[in-house]
Amino acid sequence: MTWKDAPPITRAFLALTGSIFAVRVALARQYLLTTGIQASVPLHDHFFPWVLREPSLLAAAYFAPFCSELPVLLRPSQRRMRRHAIMVTLCAGILLVHQASYFFATWVVVFWAGLFLMWMAGSALDEPQRACSNGPLLAQALISFWFLGGAVGKWTAAYWAGEPFYDLFFAHHPYVVYALLRVWVDAGALRAIATWVSRSVVVIETAMVFTVFLPARTASAITIVVALGMWLSAGDLFDVVWPIIGTALAGRILSGATPPPATP
Amino acid sequence: MPVAERRAAAPSSGAGSARGRLPIVDFIAANAEKPDRAALFLLSAVLFFACFILLLPLSETVRRAGLRRFQLTGWPLAAWMLFQPAPSMYNFENRWEVVRTHADGACPRTTNGFVNHHVYNRIALFNCRVRFRQCPLPAWVHFRSAYRGTVVETTYRLDSGPDQHGITVTPVTER
């Protein structure tokens, strides 16, 4: 089956699955390392029970979805799509509460994207006509929701002044953009750039909350542009950016389906 | 059965999503006609978490809970797990400070800075815990998270783990 032959729901499913798969491949080495350190330098704390500290659980939750990801990407069927959607959601849910991975925003986005995949593989495949009416809004609601979570927590004086971003990125971060800025501009200008970038982030994230009310194609295009901007600002944000783009593409694909021929 | 083979039975097109119409209008119209329970469940879950996020600037209780969630204090594990799907990227003004009993080579006596969100990641993250293990212990890690007038502070003491294996983390104070 070629991409063009596939029904829109399958294409939307594959777009989102492909974006998550790409993240999983890109982070595989880091998670091998994390698993090794989780085993060799265990953290005994007051909060996580032993099962949520288990290195084997971390490795299983990270790598197990490959087993369903590859088959569904190569030859999607309803059964494979359903199995994979459940696998992605369940494993992201585990990674969201494991001691070594709970703090990565990746798994928040992938968890919700997994629920969206479950909807596509279930209800949407059962009733494809209705799904193309519901799918774009679900994609946009998820994108708005993710940006809402980012925006509200930044409605503070420090973010408006740019202090956290200055400290986290501009002053020390090794990423090429910040390294070059530190070479090109003096300390005062660097501080001013940090302030205006931080303000832009607060305003853009807040504005992105309203994408749920936009037409599907416009919302998808804006989301992709903003997500690429995020990626440009911090190269290691690909783990959040790619699934956001995958969700935006899925919404666009579902919205682009032509109306069915009228039935007598 | 490959999905492509089902095209005849299930047309590859949508009933709604007419060009120019807003998805929210299509969604309401489609669900008024025949509710899609799975879609409504997903949307309800999003709205449930969105309500808590929107309460952050409005409620001192929610603010405090949100700040404590980052510091792993004051939350029963089950409730904390339930709220983990709430997106909170780069939320709040989070600072941390590490104090060691003495400096040693690459391990300064004190270090400090901002933390992006879940502050305890400065202890739990794989590269951070390796650095703690390579430096003299015990060390005290102080977290301070603030959001619109609400401040939560927690100090953790880090010691060598049992049999010098790993790290033991003990909460010392919370305010």
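B:Phe92 sits in the loop between H4 and E1 of chain B. The model is predicted. In it, B:Phe92 has a positive phi of about 70°, although this residue is not a glycine. B:Phe92 counts as buried because its relative accessibility is 3%, and buried means under 20%.

B:Tyr90 lies in the loop between helix H4 (77-83) and strand E1 (93-100) of chain B. B:Tyr90 is not a glycine either, yet its phi is positive, at about 50°. Its relative accessible area is 15%, so B:Tyr90 is buried.

Most residues other than glycine have a negative phi, and most peptide bonds are trans. Chain B also has a cis peptide bond, between B:Leu137 and B:Pro138, with omega about 10°. B:Pro138 belongs to the loop between helix H6 (126-134) and strand E3 (139-147) of chain B.

Next, a pocket. The second largest pocket holds about 360 Å³ of space. Its lining numbers 17 residues. A:Ser144, A:Val209, A:Val212, A:Phe213 and B:Leu47 lie nearest the centre. Helix H7 (128-152) of chain A and helix H2 (37-55) of chain B are the elements that give two or more residues to this lining. By class, the lining has 15 nonpolar residues, two polar ones and no charged ones.

Now the surface of chain A. A:Val176, A:Leu180, A:Val183 and A:Trp184 make a nonpolar surface patch of about 450 Å². A:Trp184 is part of helix H10 (residues 176-184) of chain A. A:Trp184 counts as exposed because its relative accessibility is 63%, and exposed means over 50%.

Methods: Residues are numbered from 1 along each chain as its sequence is written. Chains are lettered from A and ligands numbered from 1 in the order in which they are written. This is a predicted model: local features need pLDDT of at least 70, side-chain atom pairs count only at pLDDT 80 or more; totals for chains, interfaces and linings use all residues. Side-chain values use heavy atoms; hydrogens and water are left out. Patches are made of residues with over 30% relative accessible area and no salt bridge: like charges are joined within 9 Å, nonpolar side chains (Val, Leu, Ile, Met, Phe, Trp, Tyr) within 5 Å. Accessible areas come from the Shrake-Rupley method with a 1.4 Å probe; for residues, only the protein chains shown count as cover. A salt bridge is a side-chain nitrogen of Lys or Arg within 4 Å of a carboxyl oxygen of Asp or Glu. Helices (H or I, at least four residues) and strands (E, at least two) are DSSP runs, numbered from the N terminus. Buried means under 20% relative accessible area, exposed over 50%, partly exposed in between (1.4 Å probe, protein chains only). On a 1 Å grid over the protein atoms alone, a cavity is a set of points where a 1.4 Å probe fits but cannot get out, and a pocket is an open set with protein on both sides within 12 Å along at least five of seven lines; lining residues have an atom within 4 Å of a point. Grid points are joined across faces, edges and corners, and a volume is the space filled by probe spheres set on the points. Ala, Val, Leu, Ile, Met, Phe, Trp, Tyr, Cys and Pro count as nonpolar, Asp, Glu, Lys and Arg as charged, and the others, Gly among them, as polar.
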